[in-house]
Amino acid sequence: MTLSRTLITGVHIVDGTGAPARTGEVLIEGDRIAAVDDMSGLPPPDVVLEGTGQVLTPGFIDVHSHGDFVLPADPGAEPKIRQGITTEVVGNCGLGLCPANERVQTMYRQYGQLFGGDGSALCSDSLEDYRGRLAQAHIGVNVACLIPHGNVRCAVMGLEERAPTATELSHMEALVAQNMDEGAFGLSTGLVYPPGAYSETDELVSLAAVASRGGGLYASHVRDEGAGLVGAIDEAISIGEQAELPVQISHHKAAGRMNWGKVRTTLGMLDAARERGLVIHSDMYPYTAGSTMLAAMIVPLWVFSAPTPEESLARLADPKLRPRLVEEVKKRVAEHVVLPGILDRFPKRLLVPIILGKMAELIVVGSVKKQRKYEGKTLREVARMRGRPLIEALLDLLVEEDGAVTVVAHAMCEEDVQEVLRDAHTMVGTDGMPTLDGKPHPRAYGTYPRILEHYVGRLGLFDLETAVHKMTGMPARKFRLQGRGVIEPGAMADLVLLRPERIRDHSTYEDPRAFPEGIDRVWVSGETVFVDGRMTGARPGSVLHPG
């Protein structure tokens, strides 16, 4: 079979290694890069693209994606492709679509509603099943799968809030080993979300050690990104060192005004761990707001330990339990607040109404299942619209929406965002909550253009070559994505043609579903998937194996 040959000439090549840009030419043959600069002895191309004034980079790698929840229904992945993303690492935060059994399916009847639909029939029994499912859907991006710890724990233990027995831990280890054999890239945890939040460090070390034997890494949404951030980062480091595997700190940040600046301490902890020999990196999105599930922010963990989502909602709705819930929400808020200096001796319970009121102004509803009038409203506005006290209003809303409420929380500071992004061991990830409806966080549409426009072009936080390395070569090496993330002969032809001076990120909190401009063409495995402002309809992506 004769392979199609496309020559891109006169282009500025930013090759993903961090090396200085250079002007040259690149030949694509089939799904790979056949040659760079030296075309001697090669037959003429079928197509010549003049790249003068444009920059050619490897396809961007989204190391922290939740796209697995929408790819079966939206295989074209347009919001990602139009950012220049050609590969997504999924299964992050201990959540994902495989592995699964009946217990896991039951859990995702609730989680799944956050991403559109009724949450049913989302999961795949195994990574092999999921790979076949996406192949049948003909996805537009490549996918690298992590093993979600939440699925593994739920498959064996359900949502029980306790440590596993020796037999249960053995079953969990076997499940991790099976998925590593099927092509997973490592283990992920989400230690603020049930059931991962019920686990202790020893359990995580045991499971991470299994992933280590398969060559995998450990990616963690750590246990606390606020007052307990330092201890949570220490736990992640300890797991990596004990289990002897690389570590990825997911969306490394300090949430809450009283915690701003702690990232200097935690980045220093990562440096010290590297000096001891641990391979450890962070990833980050370029925004001062995060996004998560409202229930994860305010609902006590014991509520989720009910056998089914319906029983969890019944606990929230039970008038006999409501006073306890309200008091526990207040207590949780008080526990997560650290006051400066002598003020920390002040009885925090007296400050809870003030703290809650301030938080309610900074947290905005992103999506709901039924009552769309609340989307884009702050939690304070929701309470006023409902004519109820804040906590009561939010608990009622969760009940009415079957728990399917996502929020955008303005909790970080720009100085911290820049501190983490600037660090030489930080990669870029969207962490987008890819809701099919509502007002998602703009990171789902604008992360990579924002890096290029704002942090490279406007602020000069780092140069273009460094930014591209953080988006391509660095994550490809860390996640063992062989043949991707670089422009060199023999590499896969996942490529982006762009004009840095024309990059514009149009996605905002008010209008998050706006596409960027300045990206001219995107190739996945040698096929053009986006060109001249439109998707081509080609969907050549695949579920990858570690290299």
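A residue is called buried when its relative accessible area is under 20%, exposed when over 50%, and partly exposed in between (1.4 Å probe, protein chains only). The model is predicted, so local features need pLDDT of at least 70 and side-chain atom pairs count only at pLDDT 80 or more, while totals for chains, interfaces and linings use all residues. Residues are numbered from 1 along each chain as its sequence is written, and side-chain values use heavy atoms, with hydrogens and water left out.

**Exercise 1. Classify the partners in the salt bridge between Arg458 and Glu453.**

Solution. 
Step 1. A salt bridge requires a side-chain nitrogen of Lys or Arg within 4 Å of a carboxyl oxygen of Asp or Glu. For Arg458 and Glu453 the closest N and O atoms are 3.1 Å apart.
Step 2. Arg458 has a relative accessibility of 53% and counts as exposed.
Step 3. Glu453, at 16%, counts as buried.

**Exercise 2. Carry out the classification for the salt bridge of Asp15 with Arg22.**

Solution. 
Step 1. The closest N and O atoms of this pair lie 3.6 Å apart.
Step 2. Asp15 is buried, its relative accessibility being 10%.
Step 3. Arg22 is partly exposed at 31%.

**Exercise 3. Determine how Glu128 and Arg131 are placed in helix H3.**

Solution. 
Step 1. Helices (H or I, at least four residues) and strands (E, at least two) are DSSP runs, numbered from the N terminus. Helix H3 comprises residues 127-137, and Glu128 and Arg131 are three residues apart in it, a separation of about one helical turn.
Step 2. An α-helix has 3.6 residues a turn, so residues three or four places apart point the same way.
Step 3. The two side chains meet in a salt bridge with an N to O distance of 2.8 Å.
Step 4. Glu128 is partly exposed at 39%, whereas Arg131 is buried at 12%.

**Exercise 4. Describe the span and surroundings of helix H6.**

Solution. 
Step 1. The expected span of a helix is 1.5 Å times one less than its number of residues. H6 (residues 201-213) has 13 residues and reaches 18 Å from its first C-alpha to its last, close to the expected 18 Å.
Step 2. Among the buried residues of H6 are Leu204, Leu207 and Val210.
Step 3. The cover over the buried residues, by contact (heavy atoms within 4.5 Å), includes helices H4 (149-157), H5 (166-181) and H7 (229-243), together with strands E10 (186-190) and E11 (217-221).
Step 4. Just after H6, Gly215 adopts a positive phi of about 85°.
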